[in-house]
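I opened this notebook to record what I looked up, one entry at a time. Here is the structure I worked from.

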Amino acid sequence: MTRPIALVGPTATGKSDLALELAERLDGEIVNTDAMQLYRGMDIGTAKLPVAERRGVPHHLLDVLEVTETASVAAYQRDARAAVDAIRRRERTPVAVGGSGLYVQALLDDLAFPGTDPAVRTRLERELAEVGPGVLHGRLAAVDPDAASTILPSNGRRIVRALEVVEITGRPFAASLPRPGRPRHDTLLVGLDRDTAELDARIGTRVDAMFDAGLVDEVRALEARGLRAGETASRAVGYRELLEVLPDDGPEQLAEARRRIVVATRRLVRRQRSWFRRDDRVRWFDAASPTLVDEVVTVLRASS
């Protein structure tokens with residue numbers, strides 16, 4: 001069986017564990033669809049599965065960028081599709097896993113990549129620094145309300161990109177976003193979720209475990225490699241909050257950083273749910289089910 005599977009849904013639901021179980025059951029290989037797991041050294045804070053715990057299952061699109069590099073959806077699409085095609089040629093099952101919605105859709109759906117204009121980009125970034133993202137978000141809402149509704153008013157980078165696309169193409173930014181249809185290779189989309197209270201508790205426990213495993217030291221090491229200058233990597237949940245307090249690592253500062261990481265992770269869960277729940281191709285499963293692997297395999301075989 002070489003029909004791909006894409007595991008999606010909120011963070012901390014158990015997607016990585018399920019991916020391993022499915023890969024072992026279906027003679028599969030795993031393809032990462034988490035934008036932040038592309039970065040070398042961002043291990044603890046992204047819950048990247050250590051090599052020793054991968055059970056010999058090949059993993060693709062992990063550790064391919066330095067923290068100073070800006071992640072590109074276009075480059076990811078090219079490399080991830082090539083990985084999936086190669087896995088299928090080996091007559092194995094691709095298992096894509098991650099919670100970055102745009103990266104999942106870049107892998108599965110048609111997604112246009114409008115060009116860029118350095119002069120326009122520079123001018124918009126200068127305005128962003130001068131007036132802040134809220135003002136530019138208001139401008140975007142006036143010219144492209146659909147795009148504005150999908151971009152947080154605080155996300156200056158995406159607001160600038162959307163305004164740039166509108167200006168240089170004369171078309172809405174939303175027109176360049178993927179239109180879900182039949183997914184590439186007839187991929188089965190499997191969504192995992194849990195009860196909100198249970199997931200909130202899991203997030204708190206996971207953040208504690210990250211601190212115990214050395215998250216602060218990991219951020220310090222990455223800071224020395226240029227993390228603060230990384231346009232994408234420095235914004236990752238967990239890393240951003242610690243960069244805001246380091247080098248001060250007093251108990252009060254770290255406790256506040258931990259609290260903010262938990263809050264930011266719960267907000268991320270809400271955004272991920274909103275993104276994936278609007279895709280009616282996703283088959284949803286209770287991540288707490290003791291028979292989860294069997295349930296997913298049954299659906300895969302019945303629909304192949």
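Entry 1: Buried stands for under 20% relative accessible area, exposed for over 50%, and partly exposed for in between, with a 1.4 Å probe and protein chains only.

A note on the source: this is a predicted model, where local features need pLDDT of at least 70, side-chain atom pairs count only at pLDDT 80 or more, and totals for chains, interfaces and linings use all residues. Residues are numbered from 1 along each chain as its sequence is written, and side-chain values use heavy atoms, with hydrogens and water left out.

I placed Met42 in the loop between strand 2 (28–32) and strand 3 (59–60). Helices (H or I, at least four residues) and strands (E, at least two) are DSSP runs, numbered from the N terminus. I then listed what Met42 touches, leaving out residues up to four places away in sequence: Met36, Lys48, Val67, Glu218, Leu222, Ala233, Ala236 and Tyr239. Contact here is heavy atoms within 4.5 Å.

**Entry 2: the cores.** Which residues touch the most other members of the largest nonpolar core? I noted Tyr39, Met42, Tyr76, Val219, Leu227, Tyr239 and Leu242, in a core of 50 residues. Such a core is a set of buried Ala, Val, Leu, Ile, Met, Phe, Trp, Tyr and Cys residues joined through side-chain atoms within 4.5 Å. Among the elements that give this core two or more residues are strand 1 (5–8), helix 2 (73–89), helix 8 (196–213), helix 9 (215–224) and helix 11 (251–277). I found a second, separate core of 24 residues, which includes Leu7, Leu18, Leu26 and Leu292.

Entry 3: I traced six strands in an open sheet, in the order 3-2-4-1-5-6, with parallel pairing. Strand 3 and strand 6 (283–286) stand at the edges with a single partner strand each, so one side of each has no neighbour in the sheet. Two strands count as paired if DSSP finds at least two bridges between them.

I went through the pairs. Three bridges join strand 1 to strand 4 (residues 93–97), and there Leu7 has Val97 as its bridge partner. Four bridges join strand 1 to strand 5 (residues 188–193), where Ile5 is partnered by Leu188. Strand 2 and strand 4 pair over five bridges, and Ile30 stands opposite Val95.

Which way do the residues of strand 1 point? I saw Ile5 and Leu7 point one way and Ala6 and Val8 the other, and all are buried. In a regular strand the side chains alternate between the two faces of the sheet.

**Entry 4: helix 8.** I checked the length. At 1.5 Å a residue, the 18 residues should span 26 Å, and the end C-alpha atoms of helix 8 are 25 Å apart, which agrees. The expected span is 1.5 Å times one less than the number of residues.

I listed its buried residues: Leu199, Ile203, Gly204, Val207 and Met210. They fall within an arc of 145° seen down the axis of helix 8, so they line one face. The arc is that of the directions from the helix axis to the C-beta atoms. The face turned away carries the exposed residues Ala197, Thr205, Asp212 and Ala213. Strand 5, helix 9 and helix 11 are included in what covers the buried residues of helix 8. After helix 8 comes Gly214, with a positive phi near 110°.

**Entry 5: helix 9.** I found Leu215, Val216, Glu218, Val219 and Leu222 buried. Their arc is 160° down the axis of helix 9, so they too line one face. Exposed Asp217 and Ala224 sit on the face turned away.

Entry 6: I noted a cis peptide bond between Leu246 and Pro247, with omega about 15°. Pro247 is in the loop between helix 10 and helix 11. Glu91 has a positive phi near 60° although it is not glycine. Glu91 is exposed, at 62% relative accessible area.
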